[in-house]
Amino acid sequence: METPNAPNPEAAAPPAAPADVNRRLGALLGQIANGDQAAFAEFYQLTSRRVFGMARRVLIDAELSEDTTQEVFLQVWQNAAKFNADAGSPLAWLMTISHRRAVDKVRSSQSATDREARYGASSQEIDHDSVSDEVGSRLEAEAVVRCLDTLTDTQQESVRLAYYGGLTYREVAERLNAAVPTIKSRIRDGLIRLKTCLGVS
């Protein structure tokens with residue numbers, strides 16, 4: 001499969017209307033369910049950027065996002081017959097799978113994340129990606145924007161660069177001329193504050 005974050009020029013989503021795209025994707029899923037590899041290749045080409053983007057927003061790390069993208073399309077290949085058009089569009093089905101896979105990846109790598117994130121004796125252990133996932137999936141954009149305004153300027157800037165700009169901790173640190181542990185602390189504290197503001201339990 002092509003690497004989704006470095007697609008060839010033909011891999012971009014077509015300029016067709018969403019209904020046309022979903023109609024085409026639905027037809028391709030029917031063919032994939034029958035083992036049609038050419039249909040699978042076209043489905044991948046039409047959707048891989050969207051899947052990678054979803055994974056990158058949750059995971060931040062590019063390599064983990066690529067791995068997750070491949071897992072999503074393996075699941076599509078294996079489970080295309082389970083797609084139910086009455087339950088939603090092909091894109092909605094695909095993005096639900098993508099989101100779940102990305103969250104699973106966060107959970108499966110949690111022990112490694114915890115080891116990396118342990119610094120400072122009073123550091124509270126919070127899975128920032130889980131908080132971000134809850135915020136992104138359960139609350140509307142207006143509420144998020146309102147609550148972002150409650151963060152300090154440094155927290156807000158760090159969170160925006162990481163979660164809206166798609167930058168890694170190291171890239172945020174370089175952009176803001178700060179140490180990586182400092183950036184991690186700002187983002188963690190900012191997301192805890194967001195969680196409280198948004199009432200995410």
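Me: What share of the 201 residues of the chain counts as buried?

Reply: In this predicted model, 41% of the 201 residues of the chain count as buried, a label given to residues with under 20% relative accessible area.

Me: What makes up the secondary structure of the chain, in helices and strands?

Reply: The chain has 10 helices and 0 strands, and reading along the sequence gives the pattern α-α-α-α-α-α-α-α-α-α.

Me: Why is Thr-47 called buried?

Reply: The relative accessible area of Thr-47 is 1%, and the term buried applies under 20%, so Thr-47 counts as buried. This residue is found in helix H2, which covers residues 37-59.

Me: Which residues is Thr-47 in contact with, leaving aside its neighbours within four places in sequence?

Reply: With those neighbours left aside, Thr-47 is in contact with Leu-25, Phe-73, Leu-91 and Leu-94, where contact requires heavy atoms within 4.5 Å.

Me: Where is the kink in H2 centred?

Reply: The kink in H2 is centred on Thr-47 and comes to about 55 degrees, the bend being the angle between axes fitted to the seven residues ending at a residue and the seven starting there.

Me: What is found at the start of H2, and what follows H2?

Reply: At the start of H2, a side-chain oxygen of Asp-36 reaches to within 3.0 Å of the backbone nitrogen of Ala-38, while H2 is followed by Ile-60, whose phi is positive, near 70 degrees.

Me: Why is Thr-69 called buried?

Reply: Thr-69 has 0% relative accessibility, and the cut-off for buried is under 20%, so Thr-69 counts as buried.

Me: What part of the contacts in the chain with a separation of 6 or more comes from residues 24 or more positions apart?

Reply: Residues 24 or more positions apart account for 66% of those contacts.

How values were computed: Residues are numbered from 1 along each chain as its sequence is written. This is a predicted model: local features need pLDDT of at least 70, side-chain atom pairs count only at pLDDT 80 or more; totals for chains, interfaces and linings use all residues. Side-chain values use heavy atoms; hydrogens and water are left out. Helices (H or I, at least four residues) and strands (E, at least two) are DSSP runs, numbered from the N terminus. Buried means under 20% relative accessible area, exposed over 50%, partly exposed in between (1.4 Å probe, protein chains only). A polar contact is a pair of N or O atoms within 3.5 Å; within protein, one must be able to donate a hydrogen and the other to accept it, and residues adjacent in sequence count only if both atoms are side-chain atoms.
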